[in-house]
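This briefing concerns the fold of one protein chain. Please view the sequence and structure below before reading the points that follow.

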Amino acid sequence: MRAVVVSGEGSAAAMVADEVVRQGGRAILLREGPRSCALRQPGGIEVVASRLIAVKGVPGSMLAVLEDGELECSSVVIVNDLHISSPRPPAEPLRNLFRTLPAGTVVLDLRGGPDRGGRAQALRAAIAMLDEGSEVVVLTDEVLAYGRDELLYRQAQRDGAMFIRPGSLEWSGDLLKIADAVTGDVISVRPTAVLSESEVEEHLADQGTVSMGPSATLRRGVLRVRANLLDDELATEARAAATLALRPPSPLHPAEVDETQCSACLTCVRICPFSAPYMNGSGKASVDPGRCRACGKCVAACAGKAITIQGSTDQELDARIMAAMEGR
Ligand code: SF4
Ligand code: SF4
């Protein structure tokens with residue numbers, strides 16, 4: 001039976017776990033606790049008292065890495081909310097932010113993927129903060145903005161917001177060092193508040209973009225459900241998440257890089273909509289198979305023809321087209 005790990009507090013996470021069981025799956029609900037233990041809840045949900053640290057693998061064959069162990073599963077669902085934290089004051093949902101945020105330097109972390117409405121709301125809040133004299137740094141991995149969103153991005157940028165696609169974040173006391181993934185520049189800020197979509201670990205927080213719907217994230221096999229939804233919306237999202245989690249998409253062949261052809265130009269790293277390519281220890285590009293959706297964008301853009309996707313070379317595509325035309 002397929003196991004789905006659900007990470008999150010409150011009734012929203014329980015609702016997702018319930019849906020997984022109702023749809024015939026095995027639900028493992030993570031609850032933070034003093035030490036790991038497994039209990040079986042009425043309704044067939046297994047509860048494990050531990051915290052999700054990372055996720056490895058691809059849909060259908062994943063490992064949820066916990067603080068004190070690992071769980072095999074086919075998918076992971078993270079249930080969370082947009083939080084404010086300021087070198088760790090109590091978390092508050094974003095909707096309270098508009099009344100309570102003091103002026104200062106605000107870091108708005110949108111990498112956790114608020115949906116389109118949430119992102120627009122956060123950008124409007126950023127514009128209002130800039131108006132009131134705050135400095136605003138927006139962390140984002142969103143590379144596509146269009147329509148209304150693009151106007152909001154532009155206005156925030158015109159008003160002085162700094163947009164960064166971070167490669168790494170490092171706290172030193174109350175000083176936050178942000179390395180720009182594209183330019184390599186490091187900026188240091190002393191935030192008076194940090195608004196974060198997610199409280200999960202750094203490498204899990206870069207999930208979900210507005211362009212991929214409410215339950216999709218940048219890592220294949222990891223879905224996200226927002227906790228701050230109205231009951232009806234939550235029920236729909238929980239059902240959708242359980243359905244997707246129990247029926248992972250058929251495996252894709254991820255892009256692969258021939259290091260001997262790679263000139264380390266960074267084009268693939270910049271253009272991938274799913275942040276799959278990265279520079280490895282040898283200074284060449286590699287692709288994280290858990291993120292790659294085999295869209296082919298990097299294959300087309302790589303000047304050195306260093307990237308291929310199995311089954312998608314020109315010759316293979318030509319052969320398939322010919323076969324289809326000849327009715328084979
Ligand atoms: S686009 Fe091609 S040459 Fe450039 S870094 Fe990526 S794989 Fe290497
Ligand atoms: S094929 Fe698409 S998803 Fe995969 S690494 Fe290239 S650009 Fe990213």
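This is a predicted model, in which local features need pLDDT of at least 70, side-chain atom pairs count only at pLDDT 80 or more, and totals for chains, interfaces and linings use all residues. Residues are numbered from 1 along each chain as its sequence is written, and chains are lettered from A and ligands numbered from 1 in the order in which they are written. Residues 24 or more positions apart account for 59% of the contacts in the protein chain with a separation of 6 or more; a contact requires C-beta atoms, placed from the backbone, within 7 Å.

**Overall composition**
- The protein chain contains eight helices and 22 strands, taken as DSSP runs (helices H or I, at least four residues; strands E, at least two) numbered from the N terminus.
- Of its 328 residues, 38% are buried, meaning that 20 or more other C-beta atoms, placed from the backbone, lie within 10 Å of the residue's own.

**Helix α1**
- Helix α1 comprises 13 residues (10–22) and reaches 19 Å from first to last C-alpha, close to the expected 18 Å, which is 1.5 Å times one less than the number of residues.
- Its buried residues are A12, A13, A14, M15, V16, A17, D18, E19 and V20.
- Their cover includes β1 (3–7), β2 (26–31), β8 (75–80), β18 (222–226) and α5 (231–246).
- After α1 comes G24, with a positive phi near 95°.

**Nonpolar cores**
- A nonpolar core is a set of buried Ala, Val, Leu, Ile, Met, Phe, Trp, Tyr and Cys residues joined through C-beta atoms within 7 Å.
- In the largest core, of 35 residues, V4, V6, V16 and V77 touch the most other members.
- The largest share of this core, seven residues, comes from α1.
- A second, separate core of 20 residues includes V107, L110, A122 and Y153.

Note on methods. A residue is buried if 20 or more other C-beta atoms lie within 10 Å of its own, exposed if 12 or fewer, and partly exposed in between; C-beta atoms are placed from the backbone. Two residues are in contact if their C-beta atoms, placed from the backbone, lie within 7 Å.
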